[in-house]
Every structure is written in structure tokens, then in C-alpha cells.
Amino acid sequence: MLLKHTCEVCGKEEVLDSETAFYEGWDYPPRMGEFGVVSPRTCGNCGIDKTLWWEMTCNKTPVSKLSKNHWETLNRILGEPGSVGVGAE
């Protein structure tokens with residue numbers, strides 16, 4: 001299945017199957033983490049220290065204080081896999 005991968009740090013977007021994404025360094029379900037669970041969604045070039053996961057886990061930012069970008073990421077994650085699915089290979 002092809003998935004729309006969006007790096008929450010730099011905004012890079014690519015439509016890839018999960019195996020290709022994994023080998024290109026994407027941190028994305030289903031190979032990395034689980035759909036619908038907050039974890040980093042990054043490309044192979046970005047670190048995790050600016051991700052929603054980092055903000056909530058390491059910085060202890062409450063959901064009510066998240067940035068617009070983090071809210072968009074949270075909504076996308078909570079809507080997975082439907083929010084990232086683009087069709088069969």
C-alpha cells in the first residue's frame with residue numbers, strides 16, 4: 001500500500017510504500033511505530049527533537065499549549081491510516 005509520508009519537522013512529502021520509506025530513513029508506521037499512536041513522523045534527514053512526540057514527552061507540553069504545526073500532526077496521526085493512505089501499489 002502506498003502512503004503519503006509527511007515529515008513533521010521539514011514538511012517534506014513523499015508517496016512511498018512502507019518498505020521503501022523505511023530504507024530511505026522515514027520514521028513512519030507501519031515499520032516504525034503504530035498508526036494512531038503519537039511517535040515521530042520524520043524523513044531521513046530530520047531529527048526527533050522538534051516533533052510532536054518530543055514536545056509532549058520530553059518538553060512536557062500539555063495538548064492545550066501545542067503549536068499549530070503540532071496540532072496538525074496530532075490530527076493526522078489520530079486519523080491514521082486513513083489520513084495517510086493513497087491506494088494500493
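Me: What should I keep in mind before I start?
Reply: The model is predicted, so local features need pLDDT of at least 70 and side-chain atom pairs pLDDT 80 or more, while totals for chains, interfaces and linings use all residues. Residues are numbered from 1 along each chain as its sequence is written, and side-chain values use heavy atoms, without hydrogens and water.

Me: Is histidine 70 buried or exposed?
Reply: Buried means under 20% relative accessible area, exposed over 50%, and partly exposed in between (1.4 Å probe, protein chains only). Histidine 70 has 8%, so it's buried.

Me: Which residues does histidine 70 touch?
Reply: Contact means heavy atoms within 4.5 Å. Leaving out residues up to four places away in sequence, histidine 70 touches Glu8, Lys50, Thr51, Leu52 and Glu55.

Me: How many salt bridges are there?
Reply: A salt bridge is a side-chain nitrogen of Lys or Arg within 4 Å of a carboxyl oxygen of Asp or Glu. That rule gives 5. Among them, glutamate 13 pairs with lysine 4, with closest N and O atoms 3.6 Å apart. Glutamate 13 is partly exposed at 47%, and lysine 4 is partly exposed at 32%.

Me: What about glutamate 80 and arginine 41?
Reply: Their side chains meet in a salt bridge at 2.7 Å, N to O. Glutamate 80 sits in the loop between helix 3 and strand 3 (85-87), and arginine 41 in the loop between helix 1 (18-23) and helix 2 (52-57), so the pair ties together parts 39 residues apart in sequence. Helices (H or I, at least four residues) and strands (E, at least two) are DSSP runs, numbered from the N terminus. Both glutamate 80 and arginine 41 are buried.
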